[in-house]
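Please open the model in your viewer and keep the selection tool at hand. The tour moves from one selection to the next and says what is there.

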Amino acid sequence: PRLANPGGPLRVVQLSDLHVERLTRREMALPGTVAGLDADVMVLTGDYLNTTYNQDPQALADLEELLLQLETPGKRYAIWGSPEVDRTDLLRPILEAAGLCLLEDRGVELKTDRYHLWIMGITCSHDLAGDAGRLRRLVAEAPPGALTVLLYHTPDLMPEAAALGVDLYLAGHTHGGQWRLPGLGAIVTSSRYGKRYEAGHYREGNTHLYVSRGLGMEGFGTPRARLFCRPELVVVDLAGTDSTPRSHSGPGA
């Protein structure tokens with residue numbers, strides 16, 4: 001109800017868990033797909049390189065090449081993923097060179113004649129108590145009337161976000177399990193809450209959470225494969241009560 005959106009829905013495109021090792025057909029198709037989605041806001045929710053490649057010079061160069069090609073007409077924001085995956089000292093210059101606005105425990109106000117957003121980015125520390133404290137501070141700083149959007153790498157802040165009335169929460173980290181079984185879903189999620197927020201859309205109170213399956217695959221000695229768990233690029237259309245959905249072509253969420 002707080003979205004006026006006289007020009008139609010606000011489109012948010014989320015990319016998560018790229019886990020780049022080298023540029024494959026998947027990565028090379030991504031810029032064209034993103035460009036065709038006409039995003040008002042694009043967000044990247046962490047884990048940019050594969051864990052075993054997070055200091056590899058070629059992987060770093062390939063990631064930079066990919067991020068430079070991700071063009072949208074709207075604003076672009078990024079947060080850090082798992083601290084053991086995202087080497088901030090190596091990745092910061094790459095993300096900044098690509099023109100991404102890094103949200104490190106801070107919020108930004110985005111206000112136009114169509115929408116009024118408060119986008120909060122929290123750096124994942126795996127210290128949920130500390131991260132929840134930062135979330136409370138950022139929610140308290142939200143401008144009156146703004147729709148609140150939380151970017152946090154894992155879905156593990158959902159109970160706190162729901163209690164605080166955050167409107168939209170975008171996360172990744174779980175890979176949807178990466179390996180799923182029919183009738184069971186994710187086998188392992190790496191979330192503190194197990195399968196409670198394994199993938200997709202969840203709602204608690206007025207808070208909507210979307211957990212992306214991500215685009216890449218976990219590193220170390222695990223097989224570079226997905227089982228019944230396709231990679232995912234997420235498109236969220238936020239519509240006000242009087243909005244008419246926009247049509248689009250190409251892959252959806």
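Select L67, which, leaving out residues up to four places away in sequence, touches L18, L44, R76, I94, L95, A98 and L100, where contact means heavy atoms within 4.5 Å. This is a predicted model, in which local features need pLDDT of at least 70, side-chain atom pairs count only at pLDDT 80 or more, and totals for chains, interfaces and linings use all residues. Residues are numbered from 1 along each chain as its sequence is written, and side-chain values use heavy atoms, with hydrogens and water left out.

L67 is also one of the residues, with L15, L18 and L95, that touch the most other members of the 29-residue largest nonpolar core (a set of buried Ala, Val, Leu, Ile, Met, Phe, Trp, Tyr and Cys residues joined through side-chain atoms within 4.5 Å). Two or more residues of this core come from each of β1 (10–15), α1 (25–35), β2 (41–44), α2 (57–69) and α3 (88–97) (DSSP runs, numbered from the N terminus: helices are H or I with at least four residues, strands E with at least two), and α2 gives the most, with 5 residues.

**Second stop: H153**

Next, select H153 in the loop between β7 (147–151) and α5 (158–164). Is H153 buried or exposed? H153 counts as buried because its relative accessibility is 0% (buried is under 20% relative accessible area, exposed over 50%, partly exposed in between, with a 1.4 Å probe and protein chains only).
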